[in-house]
Amino acid sequence: MNVFLEVFSNGVLGISIFACFLAQFIKIFTGRYKKLELARIFTSGGMPSSHSSFVTSLATLVGLERGFDSIDFAIVCVFALIIMYDATGVRRAVGKQAAIINQMLDDLHNKKHIEQKKLKELIGHTPKEVLFGAILGITIAIILA
């Protein structure tokens with residue numbers, strides 16, 4: 001039981017999670033259709049990147065608490081960069097592939113009745129979405145630290 005109390009009293013973790021949830025909340029206002037989309041709070045992809053907000057908030061807090069020249073900061077920073085690279089690279093590519101497959105399904109569907117569930121296309125992030133998620137994470141960490 002003591003472990004749970006320690007986890008829930010960890011301010012660095014709490015602020016980082018808050019930055020992640022705030023990014024997810026902001027997504028309901030930044031959808032493609034220029035209208036409120038409540039379902040987007042539970043989806044990946046979109047503006048801003050909650051992954052970027054989460055990891056940059058964590059890295060900023062570790063830097064502020066342990067020093068930006070510490071090994072702790074270096075470790076967190078490396079993992080944050082890997083996560084943000086993945087958000088713009090691999091996950092974005094998967095989203096583009098889903099768009100192509102969905103177009104193929106539409107083409108096939110026009111000629112013959114095919115019941116297929118469309119793949120999710122909004123999986124990765126654009127570099128701009130990752131940048132804004134990172135800025136949000138750093139800002140939240142500085143304000144709430």
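Visitor: Which helices each supply at least two residues of the nonpolar patch?

Guide: In this predicted model, α1 (2-8) and α2 (11-26) each supply at least two residues of the nonpolar patch, and the largest share, 4 residues, comes from α1. The patch is formed on the surface by V3, F4, V7, F8, L13, I17, F21 and F54, which together have about 800 Å² of accessible area.

Visitor: Why is V3 called exposed?

Guide: V3, which is found in helix α1, has a relative accessibility of 57%, and because exposed means over 50%, V3 counts as exposed.

Visitor: How many aromatic pairs does the structure hold, and what describes such a pair?

Guide: The structure holds 2 aromatic pairs. A pair of aromatic rings is described by the distance of the centres and the angle of the planes.

Visitor: Why is the pair of F25 and F29 called edge-to-face?

Guide: The ring centres of F25 and F29 are 5.4 Å apart, with the planes at 75 degrees; because rings pair within 6.5 Å and planes over 60 degrees apart count as edge-to-face, the pair is edge-to-face.

Visitor: What makes F68 and F73 an edge-to-face pair?

Guide: The rings of F68 and F73 have centres 5.0 Å apart and planes at 75 degrees, and since the cut-offs are 6.5 Å for pairing and over 60 degrees for edge-to-face, this pair is edge-to-face.

Visitor: Is F73 buried or exposed?

Guide: F73 has 17% relative accessibility, and because buried means under 20%, F73 counts as buried.

Definitions and conventions
Residues numbered from 1 in each chain as written. Predicted model: local features only at pLDDT ≥ 70, side-chain atom pairs only at ≥ 80, totals over all residues. Heavy atoms only, no water. Phe/Tyr/Trp six-rings, centres within 6.5 Å; stacked < 30°, edge-to-face > 60°. Buried < 20%, exposed > 50% of the residue type's maximum accessible area, 1.4 Å probe, protein only. Patch = residues over 30% accessible without salt bridge, like charges linked within 9 Å, V, L, I, M, F, W, Y side chains within 5 Å. Areas by Shrake-Rupley, 256 points an atom, 1.4 Å probe, with all protein chains shown as cover. Salt bridge = Lys/Arg side-chain N within 4 Å of Asp/Glu carboxyl O.
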